[in-house]
There are 2 protein chains.
Amino acid sequence: VTEKYEELKSRLATIHDLRMARAILGWDQHTKMPPKAGPLRAEHLGTLDRFIHELFIDDEIGKLLEDARGYEESLDPDSDDACLIRVTRRDYEKASRVPPDLRAELTRSGAIALAAWVESREKSDFSIFLPYLKKNVELTHQYIDCFDGMGFDNAYDVLLDDFDEGLKTDAVRVVFDELKTGLVPLIAQIAEHTDRVDDSSLYGDFPTEKQRDFALVVLERLGFDHESWRLDPTVHPFAMSAGTTDIRLTTRYDEGNLGASLFASIHEFGHGYYEAGVDPALERTTLSSVTSMSLHESQSRMWENLIGRGLPCWRFFYPKLQEAFPAQFGDVELDTFYGAINKVQPSLIRVEADEATYNLHIILRFELEQEILSGELALDDLPEAWNARMADYLGIEVPDDARGVLQDVHWSGGAIGYFPTYALGNVISVQLWDQLRAELPQLDTQFEQGDFSEVGQWLRENLHRHGRKYNSSEMLDRIVGGPMDPAPYLRYLREKLGEIYGLPVETGAAV
Amino acid sequence: VTEKYEELKSRLATIHDLRMARAILGWDQHTKMPPKAGPLRAEHLGTLDRFIHELFIDDEIGKLLEDARGYEESLDPDSDDACLIRVTRRDYEKASRVPPDLRAELTRSGAIALAAWVESREKSDFSIFLPYLKKNVELTHQYIDCFDGMGFDNAYDVLLDDFDEGLKTDAVRVVFDELKTGLVPLIAQIAEHTDRVDDSSLYGDFPTEKQRDFALVVLERLGFDHESWRLDPTVHPFAMSAGTTDIRLTTRYDEGNLGASLFASIHEFGHGYYEAGVDPALERTTLSSVTSMSLHESQSRMWENLIGRGLPCWRFFYPKLQEAFPAQFGDVELDTFYGAINKVQPSLIRVEADEATYNLHIILRFELEQEILSGELALDDLPEAWNARMADYLGIEVPDDARGVLQDVHWSGGAIGYFPTYALGNVISVQLWDQLRAELPQLDTQFEQGDFSEVGQWLRENLHRHGRKYNSSEMLDRIVGGPMDPAPYLRYLREKLGEIYGLPVETGAAV
């Protein structure tokens with residue numbers, strides 16, 4: 001058994017190495033690649049993904065996984081080996097249903113669509129992107145069809161499962177309905193008190209280089225280390241890792257708006273810090289990435305919002321910000337700044353949205369994606385549908401497609417079903433936050449002193465080190481002793497925003 | 001036949017895609033990778049190279065190549081298909097002798113040694129690099145042993161053949177002896193007239209950012225295009241391409257020395273321009289890279305020296321340089337500057353050496369490499385041997401290993417046998433130069449107007465587009481109608497340097 005298990009691990013290690021190579025190629029494609037290299041890169045990525053896929057769905061891996069059952073049963077189910085076998089088997093069952101040609105075509109098509117999306121967004125012309133999006137959706141349908149008979153309730157569940165194992169559309173809908181019910185009146189209430197927050201200081205003249213310097217002041221305090229991390233500009237911010245010692249954050253700078261890049265950088269730091277914290281013993285195995293995108297987003301949103309838009313950390317960072325941009329912030333009180341970075345106002349761009357309206361951006365995408373998949377909504381009509389729903393949910397008019405339907409990179413890469421994980425990440429982030437604050441009562445004081453080590457250690461110990469050993473519901477249950485629950489998140493928003501906007505305190509069990 | 005040939009081409013295209021992915025990973029490793037990621041990157045690269053190797057030496061490729069013999073014989077030997085089959089067969093015969101584990105280990109060991117070399121060089125401490133170099137040399141011996149009975153005259157020939165098919169140590173020695181015989185007296189003669197050249201203007205205060213801006217002014221004129229090219233800083237300059245639309249140059253900046261980075265950038269441009277000029281019809285085949293490193297270096301050295309250190313191009317660029325650095329060059333005449341960039345003076349660093357002494361740096365490495373391989377020179381004694389020969393050939397004392405034996409990246413990656421191609425590139429560059437100048441009499445005038453299009457077209461038409469279709473002696477024969485010959489190069493140097501230093505004109509057939 002041991003010899004065969006070692007053979008399995010060795011095969012998985014080489015597959016992992018190729019996946020990391022692929023990750024670097026993807027990062028390069030978004031940050032460094034000369035634009036005209038796009039079509040060739042699509043071939044390179046398609047070939048690499050096909051090859052990785054073929055190696056993984058090899059019958060021999062299937063046999064080795066079967067042979068490992070006895071060994072697996074002899075182990076503590078929480079042991080690294082037992083988890084590796086279990087998680088790999090699940091991956092294998094899914095992957096072996098997907099033909100290598102389709103795998104390659106999904107990648108190639110996504111890589112080509114990326115260039116079209118960049119151009120389409122630059123020119124704010126949806127028609128450039130449309131044929132590529134159609135191709136991506138067509139391939140997504142072919143991909144979904146691979147899972148006929150595997151017990152998925154509906155097409156969207158197949159996609160959700162790729163980003164968060166076992167996540168169901170119905171469960172997402174229940175959570176999103178609760179969010180809507182809680183958030184719509186809160187946002188309306190705040191709309192009556194907009195004069196209580198002044199965010200004019202966040203808009204002005206912020207040279208890219210100085211923004212980057214200040215972002216690094218913050219990130220280095222949080223745990224960014226130049227020996228193992230990078231920060232680069234890109235069109236759409238993301239984080240990527242090629243191992244715990246190769247963590248790459250990206251951000252985009254708007255010289256007129258400080259918040260856009262700063263909070264995106266902190267958001268991506270949260271992703272990077274998660275991946276940097278995976279137990280090195282899991283390196284070069286199936287378990288060395290992270291467990292689900294919802295948990296991943298819980299980390300990025302926690303650092304961005306619960307820490308990064310909190311008052312304690314700005315007691316430490318604000319004097320440094322004033323020093324970096326004296327003309328902007330020299331005369332602005334910390335409380336005013338704290339209000340500014342938490343201002344609630346319906347706006348166009350998801351990644352720049354405040355904590356309350358953010359979720360409506362996600363719900364809109366979640367609904368549109370389902371309508372696209374069901375065929376209810378034709379892709380030609382997508383911009384109109386987008387704009388109508390923006391008016392409906394957020395009460396704002398979309399001036400152009402660049403700031404509307406073309407704003408996000410996801411669909412260009414064929415990533416349909418990803419968006420819900422952001423809002424679920426919000427929900428989970430507060431569940432984790434409540435737990436860690438109960439265990440670490442000195443956090444605020446530490447943050448005020450620029451010390452983020454204890455929160456980091458807690459997250460590593462309780463979540464990060466496990467990598468993919470547990471799926472998100474197992475993981476959440478281990479940490480908070482229960483399932484996903486939007487109530488703490490809504491309570492957190494009501495309290496924080498209620499205080500900032502001076503809203504009347506609610507009585508009773510409102511949530 | 002056609003179907004099987006298509007199968008062969010399709011397999012080669014896949015292998016090519018993976019090689020391009022590997023090229024990007026290598027570029028990233030030298031330019032962007034966080035330092036601590038080195039050990040993991042070594043695994044990723046080792047795995048990728050092993051798979052590429054396994055795919056290529058697959059028996060099925062051997063069979064397909066055999067099956068293609070009939071088709072090959074029916075073709076014009078100059079056709080793309082005939083060349084593809086011929087060149088791939090040669091590659092296959094060599095590669096199939098190398099076990100995949102050794103291939104992976106060569107790569108892994110080289111990647112790990114790179115990090116050790118960087119540290120060793122930074123600290124100027126050869127002992128840090130020594131064990132890694134020993135490992136590389138040991139693996140090189142194992143590699144050489146793979147070719148027993150393949151008809152190589154000696155160990156070094158095996159290595160030369162990887163960089164320049166068919167190149168023999170004896171042939172290199174003959175050329176290098178001629179170079180020595182011609183250059184030593186020339187350098188000695190110049191040493192008596194050092195006061196005729198003043199290069200003080202090249203040393204001063206040149207901020208990196210401004211150096212980069214000016215380098216791009218030059219490179220863009222020569223043919224650098226931001227849609228398909230990049231320029232990045234690195235420890236040791238190199239050029240890399242991942243296809244004709246993804247050309248990446250690197251350079252290193254010395255803020256006290258303008259020439260170091262500028263001429264390295266132009267040198268790497270020469271490499272990049274060669275790779276950018278390969279016929280797109282050869283893309284994703286064995287033929288889409290370039291034919292030999294000697295020809296490759298002929299292009300880099302041509303742009304760096306024959307064009308980039310020539311007077312005509314500086315008639316165009318010098319006013320722009322004066323504008324960029326008025327404090328340095330405002331009062332310096334063009335003739336003085338032209339002398340400065342062509343100053344002959346024995347110096348420590350190969351990549352910064354003048355055209356005459358450069359070759360002695362190479363001859364030194366060529367000799368040391370052979371002594372290392374034969375065991376005549378123990379690696380522990382390498383710094384001493386290096387320093388002794390620098391004193392002997394160039395009359396200068398090496399102050400530390402960073403500026404001595406540790407200056408070049410090549411041995412860290414296991415690239416033994418590469419250095420000779422630089423000096424052969426010098427030799428070939430002038431043979432090509434004489435030919436193209438005979439065909440293009442207006443070049444000087446064009447350069448003076450900043451027009452480099454005709455020389456570029458000539459090089460593309462006669463050399464670049466062919467990719468790997470011909471080896472370097474076939475290629476040279478096609479272009480100049482004869483074999484490698486150092487006489488034109490020596491004549492060129494005597495004329496150019498004789499004029500700059502006001503040396504007495506030689507009479508008779510001195511060369």
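A search of the whole structure finds 83 salt bridges over all chains, a salt bridge being a side-chain nitrogen of Lys or Arg within 4 Å of a carboxyl oxygen of Asp or Glu. This is a predicted model, in which local features need pLDDT of at least 70 and side-chain atom pairs count only at pLDDT 80 or more, while totals for chains, interfaces and linings use all residues. Residues are numbered from 1 along each chain as its sequence is written, chains are lettered from A and ligands numbered from 1 in the order in which they are written, and side-chain values use heavy atoms, with hydrogens and water left out.

**Interface of chain B and chain A**

- The interface brings 38 residues of chain B into contact with 38 residues of chain A, where contact means heavy atoms within 4.5 Å.
- About 3100 Å² is buried between the two chains, 65% of it on carbon and sulfur atoms; buried area is the accessible area (1.4 Å probe) that two parts lose on being put together, summed over both.
- Eight salt bridges cross the interface, and B:Lys36 and A:Asp225 meet through their side chains in a salt bridge at 4.0 Å, N to O.
- The rule also finds 14 residue pairs in polar contact across the interface, both at pLDDT 80 or more. A polar contact is a pair of N or O atoms within 3.5 Å; within protein, one must be able to donate a hydrogen and the other to accept it, and residues adjacent in sequence count only if both atoms are side-chain atoms.
- On the side of chain B that touches chain A, the elements giving two or more residues are α1 (2-31), α2 (38-56) and β1 (229-233) of chain B. Helices (H or I, at least four residues) and strands (E, at least two) are DSSP runs, numbered from the N terminus.
- The largest share of that side, ten residues, comes from α1(B).

**Packing of α1(A) with α1(B)**

- Helix α1 (residues 2-31) of chain A packs with α1(B) at an angle of about 75°, with their axes 10 Å apart. Axes are lines fitted to C-alpha atoms, for helices over the stretch in contact, and angles run from 0 to 180 degrees between N-to-C directions.
- That angle makes α1(A) roughly perpendicular to α1(B), a term for angles of 65 to 115 degrees.
- A:Ala21, A:Ile24, A:Leu25, A:Trp27 and A:Asp28 of α1(A) make the contact with B:Ala21, B:Ile24, B:Leu25, B:Trp27 and B:Asp28 of α1(B).

**Surroundings of B:Thr245**

- B:Thr245 lies in the loop between β2 (239-241) and β3 (247-251) of chain B.
- Leaving aside neighbours within four places in sequence, B:Thr245 is in contact with A:Pro34, A:Lys36, A:Ala37, A:Leu40 and B:Ser228.
- The side chain of B:Thr245 reaches the backbone oxygen of A:Lys36 at 3.4 Å.
- B:Thr245 and B:Trp229 are separated by 16 residues in sequence and by 7.3 Å in space, C-alpha to C-alpha.

**Within chain A**

- A:Glu7 and A:Arg11 form a side-chain salt bridge (2.7 Å, N to O); both residues lie in helix α1 of chain A, four residues apart, about one turn of the helix.
- Helix α16 (residues 355-374) and helix α22 (residues 487-501) of chain A pack at an angle of about 140°, with their axes 10 Å apart.

How values were computed. Angles under 35 degrees count as roughly parallel, over 145 as roughly antiparallel, 65 to 115 as roughly perpendicular and the rest as oblique.
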